[in-house]
Amino acid sequence: HSAVTVHTSASISGYQEQTVTLPCHLSISDPNVKVVSITWKDPNHSNIAVYHPEHGVSYPGEENSSRIYFQNPSVEDATLVIRNFSRNDTGTYECSWTTYPDGSFSSKTVLKLAGEYFGHPCCAEVPIQGAPFQEFLSSHSRNPALWQRLWLVQFKFNRWMTFSE
């Protein structure tokens, strides 16, 4: 039985242009085990965020760390934040902890686009205001299940137009 356990969410859904948080925490039951470093890998298996207890944080491949960054890095917490979330960010992320003397431990999180889970790709693709959205609504107005979901989206966002019933 290992003294080290990595805790992540199996799956997280994010809305386009919103901020998404990927939790990653470590439990160590043996006080002799030390954290050497923590690394997040993106769906392309590229290192996108690295934390070292002494040297601090590094974001390889990111021009600036204002979009993807550690929320509050420590030897127990490697929660990652992705701002301005888009379809390009979807996929499987891996949070990996290197410890001494026990070696590496990791856990994965699948990041999905939330709009697609209302049963129609509309909500992820169509702008949530203006003519294209109005056209979409009028062409699908006879689909009560979709309307129900769209009301749910509006309630969840509470940031866009009202539409007539």
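Biologist: Which residues does Ser96 contact, leaving aside its neighbours within four places in sequence?

Modeller: In this predicted model, Ser96 is in contact with Ser37, Ile38, Thr39, Phe105 and Ser106, once those neighbours are set aside. Contact here means heavy atoms within 4.5 Å.

Biologist: Where is Ser96 found?

Modeller: Ser96 sits in strand β10, residues 91-100.

Biologist: Why is Ser96 called buried?

Modeller: The relative accessible area of Ser96 is 16%. Buried means under 20%. Ser96 is therefore buried.

Biologist: And Ser104: what makes this residue exposed?

Modeller: Its relative accessible area is 53%. Exposed means over 50%. So Ser104 counts as exposed. Ser104 is part of strand β11, residues 103-113.

Biologist: Which residues does Ser104 touch, not counting residues up to four places away in sequence?

Modeller: Trp97 and Thr98.

Biologist: How far apart are Ser104 and Val36 in sequence and in space?

Modeller: They are 68 residues apart in sequence. From C-alpha to C-alpha, the distance is 9.5 Å.

Biologist: Now the second largest pocket. How much space lies in it?

Modeller: About 160 Å³. Its lining has 13 residues, and the closest to the centre are Asp42, Pro43, Asn88, Asp89 and Tyr93.

Biologist: How does the lining of that pocket divide into nonpolar, polar and charged residues?

Modeller: There are 5 nonpolar, 4 polar and 4 charged residues.

Methods:
Residues are numbered from 1 along each chain as its sequence is written. This is a predicted model: local features need pLDDT of at least 70, side-chain atom pairs count only at pLDDT 80 or more; totals for chains, interfaces and linings use all residues. Side-chain values use heavy atoms; hydrogens and water are left out. Helices (H or I, at least four residues) and strands (E, at least two) are DSSP runs, numbered from the N terminus. Buried means under 20% relative accessible area, exposed over 50%, partly exposed in between (1.4 Å probe, protein chains only). On a 1 Å grid over the protein atoms alone, a cavity is a set of points where a 1.4 Å probe fits but cannot get out, and a pocket is an open set with protein on both sides within 12 Å along at least five of seven lines; lining residues have an atom within 4 Å of a point. Grid points are joined across faces, edges and corners, and a volume is the space filled by probe spheres set on the points. Ala, Val, Leu, Ile, Met, Phe, Trp, Tyr, Cys and Pro count as nonpolar, Asp, Glu, Lys and Arg as charged, and the others, Gly among them, as polar.
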